[in-house]
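Please read it alongside the model shown here.

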Amino acid sequence: MNSQKLIRRALVVWIIVCLLSSVLLYAEQIRRQFWERDREFTALFSAISAVLTQNESVLPLLNGDEDLTALRKKFPHILALEKTAGRALDAARVEPLRDDQYWLYNPWRQIRVRIDLRPLLAATHRFSHLTISLSAADAHPSSTAFWHWQRAFPQHTQPFTLTADAEPHWLQISWALFPLLFVGWAAIVAAGSGVLWQRLQRQNAEQRAWYYQHARLNTLGEITAGIVHEINQPLTAAQTWIQGAQRQLAQENPQAVGHALGAALIQTQRIGELLARFREHVVQEKVTLSEIDLAQCWQHVVNLLEHERKSEHITVSHAFTADAATVLADRLWLEQVLHNLLSNAIQAQQENARGWVHITSQRKNRVIEIIMTDGGAGFSPEALEKAFMPFYSGREKGIGLGMTLTESLMMRMNGTIALANTPEGGAQIVLQLEPGNGAAHG
C-alpha cells in the first residue's frame, strides 16, 4: 500500500469521523439545551409544589381571625383570608379566578384563602409557553412545540397541572469547538473516537446522576412544627422511662425495670400511631368514628403521663356518669386531645406543691360534655382570646401548635372545644362530642 493510498484512506476516515463527530457534537449541544430547560422546569415545579404544600399544611391551622399582614410575611402568596358560611364539606376545595389566582377552601373551618401564583410564573424563564391549569377547562391543548413538558402536582386538594413549551436555538451553539475537533481527529483518528466517546458517556452519566440527585433533594419537604410538637412528648417520656430503668437496674430492682421498659415501649408505639394518623389529618382523609369508652381512654392517657404527673405531684381524678360514659370519636385522636390538655394542666401547676386535675362527663341535650378542671392559675385574658391561633403560646418555650391541633382534631371528630376559668381561678376546658350510639363517618 503506497503512501498516496494511505493518505487517501486516512483522509476518507478523517472526513467521515469528523462529520460524525460534528453531528454528535451538535446534537449534544442541542440536548444540553433541553436538559437546561428540563432542570428549569423541574426547579419551577418544585417551587410551586412547595407553595401548594404550604397551603395544605397551613390552611388546617387557620381559623380566619389571623392578621393578614403578619400572615403574608411568612406566606406572601396568600392575598386574602376570609370566612365562609354554610359551605358543604364535599364542596369543591378550589375555585379558580383569573391570572393564576384561586380561592382555596377549608370547609371544616369554614374559611378560604386567596392564592396568587403569578409571581412564580412571572420569573425569568426561557419557555415559549408556560401556564398552570387550575381546572380541566384550562388544560393546555396538544402542543406542536419541539419540546413539551406537562406534570401534575401531587397535592390532592390542588390538582393543578404545569405545562411548558420550548424551541431549540439551532444556531446558538459553540462553533469554535468544530475546528478543534477537526485538528484533534487529524492527529488521532482511531484512538480519539474511543476517548471522546468515553468522555461523553462519563459526562452524561454524571449529568444524569446530578439531575436525579437534584430531583430527590427537591422532593424532600420540611417536617411541620405540628408533628414535632406531637412526637416530642412521647419521645421525651420514653427517654425518661429508659433512664429510670437504668437507675432501677443499678439498684437491682427488676420489677421496676420491667415496668419502666413497658411504659417506654408504649410511648414508642404511640409515636408510630401518631405518624400514621398525622398523615390522615394533613391530607383530610375520611376517618371512621367509633364508640370510645371514656374511662379506658382517660386511664390510658393518665398512664402515658404517669412520670410527669408524679414528678409534679399532680393528683388526677375522674367522674364519668353512666349515661355519658361513651362518645363517638377516633380513639387515637381523642387520646391526643386529652393527652395535650392533661400535659398542659400538669405544666401549668409546676409551681404548686400539690396540684390536681379533675375530669367529668355529662349528657347535655344531644351531646356529651367532657369537662376538665385543674388547680392552676387559669387562662389569661390573652390566652382565652388567642389560644387556638397558630403559633401562639402562653409559655416562653412553647411552639404554639398544641391547642390549634387539638381544636382541629375535635372538629374532625364533629366535636367542639371551649376554654374558660372556674370561679376558684383554675382552668376549665369543655369538650363536646356525639354520644356513642353507633359508628359514623367524619
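**Notes on the predicted model**

1. Thr373 is buried, at a relative accessible area of 14%; buried means under 20% relative accessible area, exposed over 50%, and partly exposed in between (1.4 Å probe, protein chains only). Thr373 belongs to strand β12, residues 367-374. Helices (H or I, at least four residues) and strands (E, at least two) are DSSP runs, numbered from the N terminus. Apart from residues up to four places away in sequence, Thr373 touches Trp356, Val357, His358, Thr422, Ala427 and Gln428, where contact means heavy atoms within 4.5 Å.

2. On the basis of the model: this is a predicted structure, in which local features need pLDDT of at least 70 and side-chain atom pairs count only at pLDDT 80 or more, while totals for chains, interfaces and linings use all residues. Residues are numbered from 1 along each chain as its sequence is written, and side-chain values use heavy atoms, with hydrogens and water left out.

3. On the chain as a whole: the secondary structure comprises 12 helices and 15 strands. Of the 442 residues in the chain, 42% are buried. Among contacts between residues at least 6 apart in sequence, 69% join residues at least 24 apart. The chain exposes about 24000 Å², of which carbon and sulfur atoms supply 57%; accessible areas come from the Shrake-Rupley method with a 1.4 Å probe, and for residues only the protein chains shown count as cover.

4. On one of the sheets: an open sheet is formed by 4 strands in the order β1-β4-β3-β2, with antiparallel pairing. Its edge strands are β1 (78-83) and β2 (94-96), each of which pairs on one side only. From one strand to the next the twist averages 20°; axes are lines fitted to C-alpha atoms, for helices over the stretch in contact, and angles run from 0 to 180 degrees between N-to-C directions. Two strands pair if DSSP finds at least two bridges between them; β2 and β3 (residues 101-106) run antiparallel and are joined by 3 bridges. Within this pairing, Val94 has Leu104 of β3 as its bridge partner.

5. On helix α12: this helix spans residues 402-412 and is mostly covered, with 10 of its 11 residues buried. Among the buried residues are Met403, Leu405, Leu409 and Met410, as well as Glu407 and Arg412. Just after α12, Asn414 adopts a positive phi of about 60°.

6. On salt bridges: the structure holds 12 of them, a salt bridge being a side-chain nitrogen of Lys or Arg within 4 Å of a carboxyl oxygen of Asp or Glu. Which residue of α12 pairs with Arg109? Arg109 forms a salt bridge with Glu407, with the closest N and O atoms 3.7 Å apart. This pair links distant parts of the chain: Arg109 lies in the loop between β3 and β4 (111-116), and Glu407 in helix α12, 298 residues apart. Both partners count as buried, Arg109 at 10% relative accessibility and Glu407 at 16%.

7. On helix α1: Arg31 and Glu28 both lie in this helix, 3 residues apart, or about one turn. Their salt bridge has its closest N and O atoms 3.1 Å apart. Arg31 is partly exposed at 25% relative accessibility, whereas Glu28 is buried at 11%. Helix α1 (residues 3-58) also contains Ser49, which is buried with a relative accessible area of 13%. Leaving aside neighbours within four places in sequence, Ser49 is in contact with Phe153, Pro154 and Gln155.

8. On a salt-bridge network: Glu36, Arg37, Glu40 and Arg126 are linked in this way. Arg37 is buried at 2% relative accessibility, while Glu36 is partly exposed with a relative accessible area of 32%.

9. On the surface: Phe146, Trp170, Leu171 and Trp175 form a nonpolar patch with about 510 Å² of accessible area together. Patches are made of residues with over 30% relative accessible area and no salt bridge, like charges being joined within 9 Å and nonpolar side chains (Val, Leu, Ile, Met, Phe, Trp, Tyr) within 5 Å. Trp175 sits in the loop between β7 (161-166) and α4 (177-187) and is partly exposed at 49% relative accessibility.
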